[in-house]
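Subject: Structure handover

Hello,

Here is the structure I promised to pass on, with my notes below it.

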Amino acid sequence: MKLCVIGTGYVGLVAGTCFAESGNDVICVDIEEAKIALLQKGGVPIYEPGLEELIRRNLTERRLWFTDDLVAAVRASEICFIAVGTPEAADGSADLNGVLKVAEEIGAAMNGYRVIVCKSTVPVGTADRVREAVRAKTDHEFDVISNPEFLKEGAAVEDFMKPDRVVIGGSSPRAIELMLTLYKPFVRTENPILVMDNRSAEMTKYAANAFLATRISFINEVANLCERVGADVADVRRGMGFDRRIGHHFLFPGVGYGGSCFPKDVQAIIRTAHENGLGFPLLSAVEEVNERQKHLLVEKVVRRFGEDLRPFRFAVWGLAFKPRTDDMREAPSIVVVEELLRRGGRIEAHDPESLNEARKVFADRINYHRLNYDALEGADALLIVTDWNEFRRPDFARMRQLMKTPVIFDGRNLYELDVMREQGFAYYPIGRRLVEGR
Ligand SMILES: NC(=O)c1ccc[n+]([C@@H]2O[C@H](COP(=O)([O-])OP(=O)(O)OC[C@H]3O[C@@H](n4cnc5c(N)ncnc54)[C@H](O)[C@@H]3O)[C@@H](O)[C@H]2O)c1
């Protein structure tokens with residue numbers, strides 16, 4: 001099949017590459033010329049495991065192209081995906097300017113029947129608006145399909161190649177048939193392709209993200225209560241998770257959720273509820289809990305070191321909003337680092353992949369280290385903010401030697417309490433008993 005994907009970010013680039021990998025001809029379009037130039041040379045603008053290799057292979061085998069020429073891309077394609085960003089507008093709603101602009105451009109460019117697929121996360125009713133925007137620019141026939149994306153950054157290729165389910169929203173049998181043919185190779189393990197109307201598909205994406213965010217805020221509340229009552233959330237979480245009705249996913253307490261999706265999608269669904277005469281008090285609470293949670297680690301720091309952090313040097317491990325990505329959008333680390341800086345603390349930061357992105361956020365206000373141990377030298381404490389795998393089994397003796405005082409504030413509960421005790425660290429986890437240190 002011949003496709004174009006407009007918007008070559010985390011979603012568009014992964015989707016386009018994976019469609020090419022299953023044998024389709026795919027043109028990825030973006031307005032950022034530098035990004036296109038880099039991709040044409042086989043470079044990859046984001047870090048995502050496995051992606052670079054797939055891009056290179058499909059470029060070489062001439063199934064994947066990158067361009068800023070939307071008109072040519074639309075003319076060469078039967079199916080046009082819209083995968084541009086839908087950032088949070090000032091009022092909390094999803095900003096649809098990009099999506100609707102691309103819809104108009106597709107309408108103006110098309111020279112025959114097209115299936116136009118909205119892959120961006122968009123509020124209920126957007127497919128109708130896309131239809132109107134396209135119709136205003138063309139007399140050709142077309143159908144609009146809503147096909148939300150559920151991939152997670154850090155495992156995007158894997159998720160896309162083997163989705164738990166594919167959601168296709170639309171009413172035209174012709175367009176749905178094309179979509180089923182396109183997605184068949186991705187569901188060979190019999191995971192379902194769910195066909196529904198556009199509005200239900202649009203709602204499904206927000207409901208799924210809002211539910212996952214709710215689980216995170218729920219366990220964070222439980223963790224905070226555990227601290228007060230002397231229970232251990234690590235045990236409570238396991239005790240809950242083995243119940244098959246509950247499961248283990250998204251029940252890890254921490255420094256709050258971040259990223260380019262949960263915060264804006266929770267906002268957007270609350271906004272949709274308000275616009276339709278309903279509130280969504282449950283999700284308003286989810287957000288409130290999450291905001292508070294981002295401050296928790298620094299509150300623990302202040303309880304130990306006092307409000308004035310000027311005399312102290314803090315190592316921070318992990319800046320990306322989650323492991324295996326370089327994405328810093330809405331990362332909880334931003335709140336943690338800013339709060340430390342505001343009180344005068346000095347920051348020595350390490351992240352395996354996001355240092356370039358982090359520089360755009362913190363500039364020269366903090367120091368950056370490519371190696372995790374380098375950040376520890378002379379540190380009064382270490383704060384762990386992202387749960388990268390490589391932080392799970394560090395050399396504690398080496399850490400103790402490097403640090404001025406062996407103190408860890410662990411926003412991801414990576415270490416066992418008895419190990420911390422044996423190793424002589426003062427250890428401040430989330431929702432567990434603290435280890436006093438020697
Ligand atoms: N990132 C995720 O994990 C994820 C997961 C599922 C769904 N989504 C949704 O997918 C959508 C895209 O997210 P993303 O993270 O890939 O965004 P992104 O910001 O990484 O990428 C968007 C891309 O679109 C390009 N673009 C903007 N306007 C354009 C235009 N007029 N023509 C061509 N290109 C244009 C930008 O230059 C950018 O490269 C959003 O709606 C998001 O909510 C994201």
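A word on naming before anything else: helices (H or I, at least four residues) and strands (E, at least two) are DSSP runs, numbered from the N terminus. This is a predicted model, so local features need pLDDT of at least 70 and side-chain atom pairs count only at pLDDT 80 or more, while totals for chains, interfaces and linings use all residues. Residues are numbered from 1 along each chain as its sequence is written, and side-chain values use heavy atoms, with hydrogens and water left out.

**Helix H13 and what follows it**

Let me begin with H13, which spans residues 332-342. Eight of its 11 residues are buried, so H13 is largely enclosed by the rest of the structure. Here buried means under 20% relative accessible area, exposed over 50%, and partly exposed in between (1.4 Å probe, protein chains only). The buried residues are Pro-332, Ser-333, Val-335, Val-336, Val-337, Glu-339, Leu-340 and Leu-341. They pack against helices H12 (281-305) and H14 (355-362), and against strands S9 (313-317), S10 and S12 (381-384).

Ser-333 deserves a look of its own. Its relative accessibility is 1%, which is why it counts as buried. A polar atom of its side chain lies 2.7 Å from the backbone oxygen of Leu-319. Setting aside neighbours within four places in sequence, Ser-333 is in contact (heavy atoms within 4.5 Å) with Gly-318, Leu-319, Met-328, Phe-362 and Val-385.

Just after H13, Gly-344 takes a positive phi of about 95 degrees. This glycine lies in the loop between H13 and strand S10 (346-350), and it is partly exposed at 29% relative accessibility. Not counting residues up to four places away in sequence, Gly-344 touches Leu-309 and Arg-310. Gly-344 and Asp-243 are 101 residues apart in sequence, and their C-alpha atoms are 45 Å apart in space.

Arg-62 is not a glycine, yet it has a positive phi of about 55 degrees. It sits in the loop between helix H3 (51-60) and strand S3 (64-67), and is exposed, with a relative accessible area of 59%. Asn-413, also not a glycine, has a positive phi of about 50 degrees. Its loop runs between strand S13 (407-410) and helix H16 (417-423), and Asn-413 is buried, with a relative accessible area of 19%.

H9 (residues 198-229) packs with H6 (residues 126-135) at an angle of about 125 degrees, their axes 8 Å apart. Axes are lines fitted to C-alpha atoms, for helices over the stretch in contact, and angles run from 0 to 180 degrees between N-to-C directions. H6 and H9 are therefore oblique to each other; angles under 35 degrees count as roughly parallel, over 145 as roughly antiparallel, 65 to 115 as roughly perpendicular and the rest as oblique. Thr-126, Ala-127, Asp-128 and Arg-131 of H6 meet Asn-198, Arg-199 and Glu-202 of H9.

With H11 (residues 262-275), H9 packs at an angle of about 115 degrees, with the axes 9 Å apart. That makes H9 roughly perpendicular to H11. Among the H9 residues that meet H11 are Met-203, Tyr-206, Ala-210 and Ile-216, and their partners in H11 include Phe-262, Val-266 and Ile-269.

Best wishes

Note on methods: A polar contact is a pair of N or O atoms within 3.5 Å; within protein, one must be able to donate a hydrogen and the other to accept it, and residues adjacent in sequence count only if both atoms are side-chain atoms.
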